[in-house]
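Good morning, colleagues. Please have the sequence and the structure on the screen.

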Amino acid sequence: MRYSIGVDLGGTDIKAGLVSSVGDISCRVILPTDVEIGGPKVVAARIAEAVRQVLVKAPENHRDTSEIWIGLGAPGLIIAETGVVHFSPNFPGWSDIPLVDYVNAELAKLSIPKDAGKPNSQIENYKLILKGMDNDVNVMTLGEFRHGAGVGYESIVALTLGTGVGGGVVIDEKLYHGSQNTAGELGHTIVDPNGRYCGCGNQGCLEAYAGAKNIVERTHAKIEIGQQTILTEVTKDGESLTPRQIAEAAQAGDRLAMEIFAETGRYIGIALTSIAHILNPQIAIIGGGIAEAGEKLLFEPIRAELAKRAMDIPAQMKIVKAHLGNDAGIVGAAMLAFESQKPVL
Ligand SMILES: [Zn+2]
């Protein structure tokens with residue numbers, strides 16, 4: 001069995017784990033990103049520290065090679081070939097940061113005895129190499145493709161429904177980056193040309209409907225115009241709703257909350273209809289917190305919309321929930337390390 005280390009860099013936390021070539025994670029570590037303390041070099045040092053802690057925890061037989069490969073998923077526009085963060089909404093001020101170089105410089109400083117934990121034994125250092133970095137949603141897509149809901153397919157798309165709506169595309173078993181690394185922005189598929197404004201500045205993007213913040217805003221807007229709902233119990237004192245509260249109300253049969261999820265599903269289905277026509281993937285995998293609303297509230301309306309709108313063959317695209325949950329980032333990053341053809345040094 002081979003092992004590599006997957007690192008999932010977020011604006012708040014760095015999650016890392018030792019991952020086997022069959023996708024099992026062991027020795028997890030979560031550290032604060034500490035982005036407010038310093039710039040990219042401080043973040044690079046935190047990533048190296050997370051790697052060090054994973055290795056120290058790792059069972060001896062899981063780290064018996066002298067060279068250990070690491071993969072990294074990072075938010076924003078990532079230039080995968082050069083290991084550069086072009087821009088990241090989570091790291092204000094970062095512009096064309098050679099993060100892979102920075103992390104490799106920090107990893108080179110680490111000294112971890114190859115037989116850590118064994119007293120008086122010979123010390124032989126590991127060589128730690130960050131082999132690759134990609135956009136976090138691309139990395140999650142790769143994780144689902146190799147070891148999650150995408151196993152057995154050649155071409156998939158993935159949507160993550162979180163604060164925003166992320167996307168990733170695998171075509172013929174390869175992540176598709178486009179000509180300038182911006183492919184897969186599925187959350188900015190237009191679902192209503194005159195619709196709600198999106199954070200990107202455009203009008204009517206899927207994200208403006210299916211992102212968590214937008215689901216909450218749409219619910220508040222319906223309450224403000226006087227629609228009846230049990231959610232007024234929460235909002236009557238001026239408190240903001242959470243997507244989970246809206247989902248729970250929908251599961252309890254609240255008509256307004258059910259309507260919100262049916263609409264959300266419909267907009268996702270509209271976007272997936274375009275995506276199915278453009279790419280003809282075998283499967284669309286939907287993950288992120290909002291996907292927890294489940295089959296009846298969310299997935300059935302999505303499938304109904306695709307069935308209604310798509311031509312017969314693209315309409316055969318399967319639509320399923322992601323399997324790996326929050327682990328997709330770590331698993332995908334480790335797969336990136338395994339699959340990188342040449343080290344980025
Ligand atoms: Zn947009």
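Which residues in α5 meet which residues in α8? They are Ile215, Arg218, Thr219 and Lys222 in α5, and Leu256, Ile260 and Thr264 in α8, where two residues are in contact if their C-beta atoms, placed from the backbone, lie within 7 Å. Helices here (H or I, at least four residues) and strands (E, at least two) are DSSP runs, numbered from the N terminus. By class, the contact of α5 with α8 has three nonpolar, two polar and two charged residues; Ala, Val, Leu, Ile, Met, Phe, Trp, Tyr, Cys and Pro count as nonpolar, Asp, Glu, Lys and Arg as charged, and the others, Gly among them, as polar.

Before going further, a word on provenance. This is a predicted model, in which local features need pLDDT of at least 70, side-chain atom pairs count only at pLDDT 80 or more, and totals for chains, interfaces and linings use all residues. Residues are numbered from 1 along each chain as its sequence is written. The average pLDDT, the predictor's confidence in each residue from 0 to 100, is 92 for the chain, and 93% of the residues score at least 70. Over residues 119-123, however, the pLDDT is below 50, and this stretch has two contacts in the model beyond near neighbours in sequence.

To return to the helices: α5 (residues 212-224) packs against α8 at an angle of about 135 degrees, with the axes 10 Å apart. Axes are lines fitted to C-alpha atoms, for helices over the stretch in contact, and angles run from 0 to 180 degrees between N-to-C directions.

The second pair is α7 (residues 243-251) with α8 (residues 255-279), at about 110 degrees and with axes 7 Å apart. In this pair, Ile246, Ala249 and Ala250 of α7 meet Ala257, Met258, Ile260 and Phe261 of α8. By class, that contact has seven nonpolar, no polar and no charged residues.

Finally, two backbone details. Asp172 is not a glycine, yet its phi is positive, near 50 degrees; Asp172 lies in the loop between β9 (165-171) and β10 (174-175). Asp172 is exposed (12 or fewer other C-beta atoms within 10 Å of its own, the C-beta atoms being placed from the backbone), with 7 such atoms within 10 Å. Asn280, also not a glycine, has a positive phi of about 50 degrees and sits in the loop between α8 and β11 (283-287).

Notes
A residue is buried if 20 or more other C-beta atoms lie within 10 Å of its own, exposed if 12 or fewer, and partly exposed in between; C-beta atoms are placed from the backbone.
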